Amino acid sequence: MKVLPFTIPVPHGQTIIVQEEVLPHFYPHLHRHAEVQVTWIQEGEGTLLAGNNMHVFTGGEVFVMGANQPHLFKSSPDYFAEGSQKQVRAISVFFNPNGKLAALFNLPEMQAVQSFFSQWQNGFKIPERETEAFSVSIAKIQHSTGAAQLALLIDLLNAMSTTDGLQPLSSESYTYSMTDPEGARIASVYNYIMHNYSSALTLDEVARLAHLTPNAFCRYFKKHTRTTFIAFVNKVRVNEACKMLVNGSLNNIADVAYSCGFSSITNFNYVFKNIAGKSPRDYINDYSGAVKTSR
């Protein structure tokens, strides 16, 4: 398990880092870094874990992670299958508003942008109607250098600060103030859950992984994630179920429920509706209707 804190390699003489990824799958460990991260997913699908929440992601979407926000783009299981020919592609722009760019962010002209990022430290997703414009801006930053690149970044940040309908990635109550050992411990727990959600996870086994008693683990997990262990596991399972329901990878809803670690259809339906706001059947019907409308 990688240690949670992660250092972005900064080329000499640069304050803006652009990273293009073409890989079999995304970096598979929960991590954080001092830089704000703007990521355009060009190709790939899976689950984004950001802070104490998670979201389905797919190609064409743009996400912004706040400075020091724990996050993980977890590629779908088929990306890790033996012989898989799948790949992911993404372009990320990194910048540290508290590093060498601090003087820029402290200018009076940047006050609105600075205030915006202070309010959105938990990250956000760009609304679908705006993703094309933002992806074009990210591509321009990638292919620019020097003052031109800095000017394009300012334009991008200003556009973000005036965009309506941004979707928060994590709850406002979530905090990232944890020591490195605590971060590594939470990372190991998250990683274990994300890779074993389809099994009958028990509190005892996950508590042992964290080297805590079950009661102590429950308090520890709630303190650092603002959610309970059971609620987090259920959210992971429902998130995976949503992907299975819409891509038709299994024959029926019961198969999806059992594949995601639920022990009964009744429990699956109850938990799914509580988290997704609708029944599994309604979720499928609404998705199918949206697809037909977009054609």
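In this predicted model, Gln 149 is buried, with a relative accessible area of 9%. This value falls below the 20% limit under which a residue counts as buried. Gln 149 belongs to helix α4, which covers residues 146-161. When neighbours within four places in sequence are set aside, the contacts of Gln 149 are Ile 16, Val 18, Ile 141 and Ser 144.

The chain as a whole contains 11 helices and nine strands. It has 295 residues, of which 44% count as buried. Among contacts with a separation of 6 or more, 72% are between residues 24 or more positions apart. The accessible surface of the chain is about 14700 Å², and carbon and sulfur atoms contribute 51% of it.

Six of the strands make up an open sheet with antiparallel pairing, arranged in the order β1-β7-β2-β5-β8-β9. Its edges are formed by β1 (16-23) and β9 (167-168), each of which pairs on one side only. Within this sheet, strand β5 (residues 62-65) and strand β8 (residues 124-125) run antiparallel and are joined by two bridges. Val 64 has Phe 124 of β8 as its bridge partner.

Strand β3 (residues 46-50) pairs with two further strands. With strand β4 (residues 53-57), β3 forms five bridges in the antiparallel sense, and Gly 46 has Phe 57 of β4 as its bridge partner. The hairpin of β3 and β4 has two residues between the strands, and in this hairpin Gly 51 adopts a positive phi near 60°. Strand β6 (residues 71-75) is also antiparallel to β3, again over five bridges; here Leu 72 of β6 stands opposite Leu 49. Five of the five residues of β3 are buried, so the strand is largely enclosed by the rest of the structure.

For Phe 221, the contacts beyond four places in sequence are Ile 186, Val 189, Tyr 190, Arg 226, Thr 227, Thr 228, Phe 229 and Phe 232.

Helix α10 (residues 265-276) consists of 12 residues and reaches 16 Å from its first C-alpha to its last, close to the 16 Å expected at 1.5 Å a residue. Its buried residues are Phe 268, Val 271 and Phe 272. Viewed down the axis of α10, these buried residues lie within an arc of 100° and therefore line one face of the helix. The exposed residues Thr 266, Tyr 270, Lys 273 and Asn 274 are carried on the face of α10 turned away from its buried side.

How values were computed. Residues numbered from 1 in each chain as written. Predicted model: local features only at pLDDT ≥ 70, side-chain atom pairs only at ≥ 80, totals over all residues. Heavy atoms only, no water. Pairing = 2+ DSSP bridges. Helix = DSSP H or I, 4+ residues; strand = E, 2+ residues; numbered from the N terminus. Buried < 20%, exposed > 50% of the residue type's maximum accessible area, 1.4 Å probe, protein only. Contact = heavy atoms within 4.5 Å. Areas by Shrake-Rupley, 256 points an atom, 1.4 Å probe, with all protein chains shown as cover. Expected span 1.5 Å × (residues − 1). Arc of directions from axis to C-beta.
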